[in-house]
Structure formats: C-alpha cells, structure tokens
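My entries follow the order in which I checked them.

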Amino acid sequence: MTPTSASPSLDAAPSDDTARWTPRLVAVLIALIWPTQLLAAAGILGANATAGVAQSFHTTHVAWFGLTVVLVSTLLTPFVMKLGDRYGKKRLMLVMTGLGVVGDVIAAMAGSFWLLLVGRAIAGCYGPFAALSFPAVRDTFPARLVKPASAILGSSVGLVALAAPFLAGWLVDGWGYKGVMWFLAAASAVGFALIALLVPQTPRHDFRPGFDWLGGLVLGGGLTAVVYAVGQGQSWGWADAKTLGWLAAGLAALVVFFFVERSSPHPILDLKVLSRRPVALVLVSGGLAQAVAYTMPGMAILLALYPHIPGVSAGLGWTAQHNAAVSVTWNVVMFGTGIVASRLLRTVDARLIWWAGLALMAVGYGLVGFFHANETELILTSCLANLGSGLVVAGAPALVVGVVSKEEQGLGSGMLNMGINFFGAIVTALSFAALATHSTVVDGTAFYQDGGYAWLFWTGALLTALTLAISLFIPPLRDPAETDAAPLV
C-alpha cells in the first residue's frame, strides 16, 4: 500500500541521503518519548499513591486502582494497532492522550471510589500508546536511524525509573493521591501538545474496507480475562473456581479468535505475519524479557521497604526516599547502557546486543538472589542486572524492526506491547509464588524471609535464561532500508 498524504516532507520518512540527527528529528523523538515513558512514570506514581487511595475511600478493593488501567489497556490494544494503520498514528495519539487527560482529571476530582475507577478506566485508553510510538519512529525517521531512535525511545525508561520515585515521594507527601492524579493530567496535556506541534502526520498502511470489531473484542477480551485471572490468582487461590473460570474463559476466547480471524474478510490481525517463525520468536522472547526487566525492579521494592524483623521478615526496612537514592545507581546504568546500545545498533547485529543483554540480566539477577543484604551488595549486583536490562529494552524494538516490514510495524509493535502486559502478569504471579515459599503470616499480613527474596530473583534469572535459549533461534535480521525485500520466513 502507498501512503495517501500530499506532503512528502511531513508524511514520509526522510531518505537515507539525510540520515543524520537534526534538531527536527531530535524534537520529534522527544515528543514521542514524553508520552511513551509517561506510562512507566504513571505506574510508579500510581503504586506510591495506592495506600492513600485505600485510606481516603476506606476500601478493601484498592487493587482495582491499578488493575483497571491494565485491563482497559490490554482490551484496547488490538483496536489501537488497527486504527493507527487505518487513520494514521498521530490522529490516534492525540485522541489517546486527550482521553488520558480527561480520565486523570476525573480521578483527581472523584468523590467516590467508583468514580475514581471510572476516571482510571478512561485514562487506561492511553495505555497502548507504545503500540503507536514505535511504529511512528519507523514512519518518520530515515531508515538508518530507525534502530537507534527506537533504542533511545525504549531505554529512556531508565530516566523515568531514576526520577519517578523522588517525584512520587514529593507528590504523595505534599498532596496525597490527588497530587499524583493532577500531575498525570498535566503531564498528559504536555504530551498532547508535543504530539500536536512536533510529530508529523504518519502515513496510512491499511486501506481495506470494513473493520473486524468481533475479532478485536474476542482477542482483547480473551487476553484481558487471562491477565485478570493471573493477577487475582494469588489472592483468590490458584485452584479457586473464580481463577479457573476466568482462565478458562480467556483461553477459550483466544481459541475462538483464531477461527474468527480465518473467516473474517478484513481480520484485525494478519495471522500470516504472526505465524512467521522470526516474528513469533521475536514477539515471545521480546515480551517475556521486557516483562522480567520491568517487573523485577518493582518486586525488589518489597525487599527494600518491608521491615527487618528477625525470624519473621527479611526486608531491609528502608524508607522510600532512601530506596530512591540507592536505586539511582542502577537506573543510571540502565539508561546509559541504552544510549550506548543505540549507537551500536547502527553497525552491530541487534541479535548480539540482545543476547548479551539477556546473559547479563540472567547472571545479574542470579547474583542478586545470593547478595542482597545491604546497599553495597544490591548496588553491585543490580547494576550488573540493569546493564543487561538496558541492552534488552534498547534491543527489543530493533528486533521487531528487523523481522517486519514498514506496513507490518504497527502489528509487530502492538503485539509486543500486548506480550509485555501478558507476560508481566505471569511474571508477577510467579514472583509472588516464589516469595510465598518462605513467608510468615502475622495478623493477616504476609512477611517474606530471606529464602523467599532469593527465589524471587532466581525466578527472574531463570525466566531470562529461558528467553535467551528461545532467542538463539532468531535468524539474521533485515535492515529497515530493505523495505521491498521478501518477508523473513
């Protein structure tokens, strides 16, 4: 398909003759980084605001404060992928960030817990933004800069992890959970303005009539049901009828989805693309590895903040501010590694960077499992793990770029985003299961002993090693400039 835009200077990616960083390209990348990584910041800020929400509304259902956003994001991702290709990614980005502003304002002004959840659900429409931002890089940057620009876009999460804990403490301590909601509303409004002013119109890649609403609902609903069941399984019990029922319903929907797509004249997903071996390997390994890279640091906060009670709890008993100060070290390592990787990706096979990142992550988290008793041990071992994480989050977009065409980029990035959400729920559940192997319950609260924390990090190491084994089968990648080449099979 050919783009229909009338302005090549705005709507088409620059040619390789101008394949260099210019102020305009830097501005476009910043405009994409801000709303993309605001999602990561929202996760950290929201986690810190959860306790305030529970106390303000006197609710025992506070888990829905975060779960609502994840479920809405998972449900909408298939539609976002398709609509971005159908109507242009910039238009959809503006709609999504606009809904983010509205949802966060409603949440900030909510007088009841259920109205708060309505606001969070509307803000969740912003959740699949990464399914558009990475394909937008493919559409607007010269082919030689696609991989490094994508790497910077992905690895900038290190900056968020660096600043967000300090910002969260300041907002929550000064203004409570409402301060977090108002900040997210303002930051989303800034993202809307940056996209409107700096991001060029992106070409359309799908001109087929009709829309597969049924396929999108079945796929999104099936994945949402599975994520919900896995997320609730720890509290419900894995053998509980509710857990098994939601899992069964979700898996059944995913089976039905394949039959729906085979009979649809305009499927929401091109199953022929997803069935290609390189694409399948990249999506599975990319989703699982990034789920580990994003989940493990969040789980490590439990180790830092839980109290130290001999024989009961092996937490370090740090304050949130002390934890933020210590974690600066490995978050700087992660971001710096991503920047270096973005340079290397112009000349080095992305698979080599990816494999190196996975190996360092596996070794790093394995060592964290053995050495996590104090600041020095955590800094040394976590820096090694995040050295690998920086390579992984920078390399994953380059892997997707190397196995799909420009027209398929939206599908590839969207499915990777869905994979991160899906595997993230599974990694979180496995992490809590690992912690529970050595835990003590006191007055209804579970406290974790040292063996549980060790198995938490060893679980991350084992999952990363599994991902590395899968990734070794990824074939040589295609350069983005080869847009007319036959797809990898």
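These notes start with the ground rules and then go through the entries.

**Ground rules.** I am reading a predicted model, in which local features need pLDDT of at least 70, side-chain atom pairs count only at pLDDT 80 or more, and totals for chains, interfaces and linings use all residues. Residues are numbered from 1 along each chain as its sequence is written, and side-chain values use heavy atoms, with hydrogens and water left out.

**Entry 1: salt bridges.** How many salt bridges does a search of the whole structure find? I got four. The term stands for a side-chain nitrogen of Lys or Arg within 4 Å of a carboxyl oxygen of Asp or Glu.

**Entry 2: the network.** Which residues are linked in a network of salt bridges? I noted D85, K89 and D139. I took D85 first. D85 sits in helix α3, residues 64-87. Helices here are DSSP runs (H or I, at least four residues), strands are runs of E (at least two), and both are numbered from the N terminus. D85 pairs with K89, with 3.4 Å between the closest N and O atoms. I also found this listed as a polar contact between the two side chains, at 3.4 Å. A polar contact is a pair of N or O atoms within 3.5 Å; within protein, one must be able to donate a hydrogen and the other to accept it, and residues adjacent in sequence count only if both atoms are side-chain atoms.

Next I followed K89 to D139. Their side chains form a salt bridge of 3.0 Å, N to O. This pair links distant parts of the chain: K89 is in helix α4 (residues 89-109), D139 is in helix α6 (residues 130-140), and they are 50 residues apart.

Are these residues buried or exposed? D85 is buried at 9% relative accessibility. K89 is buried at 1%, and D139 is buried at 2%. Buried means under 20% relative accessible area, exposed means over 50%, and partly exposed lies in between (1.4 Å probe, protein chains only).

**Entry 3: another pair.** I then looked up R276, which forms a salt bridge with E408 at 3.0 Å between the closest N and O atoms. R276 lies in the loop between α11 (271-274) and α12 (277-305), and E408 in the loop between α15 (375-403) and α16 (409-436), so the pair ties together parts 132 residues apart in sequence. R276 is buried at 10%. E408 is buried too, at 17%.

**Entry 4: a helix crossing.** I turned to α12 and α16. Their axes come within 7 Å and cross at roughly 45 degrees. That makes α12 oblique to α16. Axes are lines fitted to C-alpha atoms, for helices over the stretch in contact, and angles run from 0 to 180 degrees between N-to-C directions. Under 35 degrees is roughly parallel, over 145 roughly antiparallel, 65 to 115 roughly perpendicular, and the rest oblique.

**Entry 5: single residues.** T97 belongs to helix α4. T97 is buried, with a relative accessible area of 0%. The T97 side chain reaches the backbone oxygen of L94 at 3.2 Å.

Last, I checked A446, in strand β4 (residues 445-448). A446 is partly exposed at 25% relative accessibility. A446 and L435 are eleven residues apart in sequence and 9.7 Å apart in space, C-alpha to C-alpha.
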